[in-house]
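I opened my notebook to look up a few ring contacts and strand pairings. Come along and check each entry against the view.

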Amino acid sequence: MTDSSVPVNIADKLSQFTDLWSQKKIADVNDYEVKLAKLKGEFVWHTHEDTDELFLVISGRLTLQLRDGDVVLGPGELYVVPRGVEHCPVADEETAILLLEPTGTLNTGDAGGPRSKTPEAL
């Protein structure tokens, strides 16, 4: 659980890890987790049947591949992937993102597999 009495400095939190595609929980909001991740390369195609997924780019550039066209995000831009929409995040350069998802949401959604990880608290 995160300490709600102390402000969270996102840049400081990002400086505390280097691993890619590994979500780090930095806060809780009701039944949601606020998470950071660093990405580079292509993830897996997956769907979250029961929840939307918010992506906010902090640095770098993120392409969210969707079956009906790509969404490209730069720093300060966000996009909400609606529940049930298959997507695949891709970052050609190292990209830092903030995610907002219900607690317990699996990063690989319905795809599962070896890239599935539970978020670690920072």
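**Ground rules.** I am reading a predicted model, where local features need pLDDT of at least 70, side-chain atom pairs count only at pLDDT 80 or more, and totals for chains, interfaces and linings use all residues. Residues are numbered from 1 along each chain as its sequence is written, and side-chain values use heavy atoms, with hydrogens and water left out.

**Aromatic pair.** I looked for rings of Phe, Tyr and Trp (its six-membered ring) with centres within 6.5 Å, calling planes under 30 degrees apart stacked, over 60 edge-to-face and the rest tilted. I found 1 aromatic pair. Trp21 and Phe43 are stacked, 4.8 Å centre to centre with 10° between the planes. Trp21 is in the loop between helix H1 (10–14) and strand E1 (24–29), and Phe43 in the loop between strand E2 (32–42) and strand E3 (53–59), so the pair ties together parts 22 residues apart in sequence. Helices (H or I, at least four residues) and strands (E, at least two) are DSSP runs, numbered from the N terminus.

**Charges over rings.** I counted NZ of Lys or CZ of Arg within 6 Å of the ring centre and within 35 degrees of the ring normal. The charged end of Arg67 sits over the ring of Trp45, 3.7 Å from its centre. Lys24 has its charged end over the ring of Phe17, 5.4 Å from the centre.

**Strand E1.** I took strands as paired if DSSP finds at least two bridges between them. E1 and E2 run antiparallel, joined by 5 bridges, and Lys25 stands opposite Lys35 in E2. E1 also pairs with strand E8 (residues 120–121) in the parallel sense over 2 bridges. There, Lys24 stands opposite Glu120.
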